[in-house]
Amino acid sequence: MNLQPEAKKELLRIAGGTAICTAAMWVLFAALHVAGLAPFDYTVILGGIVGSAVAVGNFYGICVMVQKILDEPDEGRRKVQLKLSYNVRMLVQGLWVVIAIAAPCFQALAGAAPLLFPRVTIYYLQITGKYKPATPHTEEVSVEEEPPAAAGAGEPAAPAGAPRDEGGENEAWN
């Protein structure tokens, strides 16, 4: 399926941000390795690569599903498709975490951490103002009434037949 240009742009942003975060994670692992606190070998590199691929693949799945459901006229079917897509994507991520923990060829933290990097990228883009979530355009409605036309020396005219509100001058104090 061909993604729309805007979806491709966002997918590339997420992939780039995930790659930068993964590289930063590798630098952190290297620094911790120098200090003798963490391993830095092929398991860290491989875990980061596969974890990043799963994370970007998850975002790609979101893009594809959103494009598909836009063409679906039945709202009930759209909801079912979205739920199914969400469940499948979460299952794939969960399976990846289990594999990253269980398989000796992956460092568990280096494999699981990249799943958080797309969200970190989105937060960064929002903070820097480079990404603003689309908001549906709605007509602005005010709950305040329009002030009536001024009558006399800057005081609003009272509606016909309405008692004048003098601000409590005629009320007795209790």
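I looked up where helix H2 meets helix H3, taking contact as heavy atoms within 4.5 Å, and found Gly47, Val50, Gly51, Val54, Asn58, Gly61, Ile62, Met65 and Ile69 of H2 against Arg78, Gln81, Leu82, Ser85, Arg89, Met90, Gln93 and Trp96 of H3. By class, this contact holds eight nonpolar, seven polar and two charged residues, with Gly counted as polar and Asp, Glu, Lys and Arg as charged.

The model is predicted, and local features need pLDDT of at least 70, side-chain atom pairs 80 or more, while totals for chains, interfaces and linings use all residues. Residues are numbered from 1 along each chain, and side-chain values use heavy atoms, without hydrogens and water.

I then checked the axes of H2 (residues 42–70) and H3 (residues 75–102), which come within 10 Å and cross at roughly 175 degrees; the two helices are therefore roughly antiparallel, a term for angles over 145 degrees.

I searched the whole structure for salt bridges (side-chain nitrogen of Lys or Arg within 4 Å of a carboxyl oxygen of Asp or Glu) and noted three. One pairs Arg13 with Glu10 at 3.6 Å, N to O, and both residues lie in helix H1, three residues apart.

Notes:
Axes are lines fitted to C-alpha atoms, for helices over the stretch in contact, and angles run from 0 to 180 degrees between N-to-C directions. Helices (H or I, at least four residues) and strands (E, at least two) are DSSP runs, numbered from the N terminus. Angles under 35 degrees count as roughly parallel, over 145 as roughly antiparallel, 65 to 115 as roughly perpendicular and the rest as oblique.
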